[in-house]
Amino acid sequence: MPERIEWLADGTPYSSRFGDRYRSELGGLAQAREVFLHGCGLPEAWAHEPQWRILETGFGLGLNFLVTWQAWKADPARPRLLHFVSTEAFPASADDMLRAAAAHPELRPLAIQLQAQCWGLLPGVHRLVFEEGRVLLSLCIGDTQAMLREQHFEADSVYLDGFSPSKNPDMWDLQTLKAVARCCRRSTRIASWTIARAVLDGLTQCGFTVRKTPGLPPKRDNLQGEFDPRWEPRKALSSTPFTPVTPSSCVVIGAGLAGAAVAASLARRGWQVEVLDSHAAPAGGASGLPAGVLVPHVSPDDSVLSRLSRCGVRATWQQAQALLQPGKDWQACGVLERRLDGSTGLPAGWPEAGHDWSQPASPAQLAQAGLGGDTRPACWHHRAGWIQPARLVHALLAQPGIRWRGGMQVARLQRDMATGHWQLFNVQESCLAQANMVVLAAGHASRLLIEGGLPLQPIRGQMSWGLHDGLPTTTGFPPFVVNGSGSFIPSVPTDDGMAWLAGATFERDQDSIETRPANQQANLARLQALLPATAQTLAPVFQNDSARAWAGVRCAAPDRLPLVGRVDANAWPGLWVSTAMGSRGLSFAVLCGELLAASLHGEPLPLEHRLAQALSPQRFQA
Ligand SMILES: Cc1cc2nc3c(=O)[nH]c(=O)nc-3n(C[C@H](O)[C@H](O)[C@H](O)COP(=O)(O)OP(=O)(O)OC[C@H]3O[C@@H](n4cnc5c(N)ncnc54)[C@H](O)[C@@H]3O)c2cc1C
């Protein structure tokens, strides 16, 4: 349930939970700018920096974020990338956030964009993307201390906000301030509206030098300071030693979803990226799938896979909205999921924010799928639909800073010890490219490019498809995607006309892409179990062999989660990987691209640290 906010007669929002007004709303924009933005020496401090990272405690109604974003937009010397990481235990509704900005017309266009992305804010980290990926808001929903402990980046500025220390003491106690200090580097600036003695003392104890500064009337004083401890600060990034990197040039091997997403994430940060692929055109591998399903995973215990899949769906959703044409390249039509165990799969007592994602399917939805007589529950996914992955690959590769090179089959990699460069050779031993940094995104073939290999398994899959033209009827087709054991996509526009797709087979340790008649029959059998009425309509097409087929090879790790990050900093310096997308490349690839780029730059991660660890390529090492 979003936090219930009362609106007082003077228009200020009020929390009955804390018996306090939302602080940032007091005194309007001038006050918010004065306390936090100017209090941290911004915008001057970020001028000409490649990135700037702000950590805020207490997102509230988002006013500080909007004010900062607006200042970034207006500044010709703005950093290339602005990270704003904010914790919030009780998120307000998107509508309340918009309403809070109503008094400030200059913020309204930004507030509308914020409102549009503030859905499904379950506990955890949510990455919201603005300004073509150059303003990144990480909303960390949950207890402040726990959320701060999840952070492994160094903040350049800290906004200490929240309800009054007398109303919400936990937010300002020593443990919280210590957790804030752990995210600071020497000279990180801090600002707050409170000058409560306990806060001043606590900050001093944690290594900040703090002072009272004159406030903008009617406020008498504000707090400003810097992190400058007498001791050597413990590195926030202790788990991975981090050396600052300057964007230069790099090579990505593989122009599927994984490679294209990594390339786009790096190019956005200023890298010159060459993407090499053995095929003549991008998306020649598994990502050449005619259309696939974008859908979150659900499980009664809200497993790691479920939480990762939600982060991933959100990331792909944002890119699809930004880069693709709805109805042509993708469709946010929703997905009805039928599970083998006949349950909805949803966690019991899921917070209301979960309903933005997935809910038990309604009888009307079941009836629309021709399953009106079926009494077994099913799950309805709101944030779901189909995508033509090749369209997304092309759109990602079209970003500035990326050079695509087809017909480049990499046979081996070698590191030149003198220069530290990786050299990429073909079978004829011609050097195709060289760079300090190489990202392997070659699907299951990635294992062949590393001595000793990566624990990757090829899993062949064949799907069946056909055109609506020539069918006696399509009226029984569901108006949305249905999945379960197999999937059915009712309508995807192709060059030849509107198409249906059904599939797919799942054949472990096979990497042939020849299509097989037996697999077509297996797909019909799957469809009969999933959607009997639709299967009846399509059965003649399968029986007279006029259903078309497409086959590709998935790449999976033993635990079915992607492999993203440094291969091995000692044995393979500069070699990174993003692969093992399994059957969920549409949900994972974009997220993994951002994760790889964020890890490389020591940035705030687009997901919880412990979820990121679950994707580490090192996880299989003994
Ligand atoms: C039948 C089927 C159905 C699927 N359905 C869905 C679905 O509904 N939803 C979903 O999310 N996912 C689905 N998937 C999975 C999805 O297609 C993959 O997870 C995703 O495309 C993987 O992207 P990738 O970039 O890792 O690999 P790929 O797209 O395979 O890209 C790897 C690229 O590397 C290139 N390459 C390989 N070796 C070399 C080399 N030595 N030198 C140069 N280039 C090289 C290849 O040419 C290829 O272009 C399905 C897969 C299949 C096969």
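Analyst: Helices (H or I, at least four residues) and strands (E, at least two) are DSSP runs, numbered from the N terminus. The model is predicted: local features need pLDDT of at least 70, side-chain atom pairs count only at 80 or more, and totals for chains, interfaces and linings use all residues. Residues are numbered from 1 along each chain as its sequence is written.

User: Which element gives the most to the shell around the ligand?

Analyst: α14 does, with four residues. The ligand is surrounded by 44 residues, and the closest are Gly254, Gly256, Gly285, Gly461 and Gly585. To be near, a residue needs its C-beta atom, placed from the backbone, within 6 Å of the molecule. Elements giving two or more residues include α8 (257-268), β25 (457-467) and α14 (585-601).

User: How do the residues of that shell divide?

Analyst: There are 20 nonpolar, 21 polar and three charged residues in the shell around the ligand. Nonpolar means Ala, Val, Leu, Ile, Met, Phe, Trp, Tyr, Cys or Pro, charged means Asp, Glu, Lys or Arg, and the others count as polar, so Gly is polar.

User: What makes α9 roughly perpendicular to α14?

Analyst: The axes of α9 (304-323) and α14 cross at roughly 85° and come within 7 Å. Axes are lines fitted to C-alpha atoms, for helices over the stretch in contact, with angles from 0 to 180 degrees between N-to-C directions. Roughly perpendicular covers 65 to 115 degrees, and therefore α9 is roughly perpendicular to α14.

User: Which residues of α9 meet α14?

Analyst: Among them are Ser309, Cys311 and Gly312 in α9, while Leu586, Ser587 and Phe588 are among those in α14. Contact requires C-beta atoms, placed from the backbone, within 7 Å. By class, this contact has seven nonpolar, five polar and one charged residues.

User: Why are β20 and β31 called edge strands?

Analyst: Two strands pair if DSSP finds at least two bridges between them. In the open sheet of six strands, ordered β20-β13-β12-β24-β32-β31 with mixed pairing, β20 (402-405) and β31 (563-566) each pair on one side only. The twist from one strand to the next averages 20°.

User: How many bridges join β12 to β24?

Analyst: Four bridges join β12 (249-253) to β24 (437-440), and the two strands run parallel. The cut-off is at least two bridges, so β12 and β24 pair. Val251 has Val438 in β24 as its bridge partner. α14 packs on this sheet, touching β24, β31 and β32 (575-579), and its direction makes about 15° with that of β31.

Key
Angles under 35 degrees count as roughly parallel, over 145 as roughly antiparallel, 65 to 115 as roughly perpendicular and the rest as oblique. Two residues are in contact if their C-beta atoms, placed from the backbone, lie within 7 Å.
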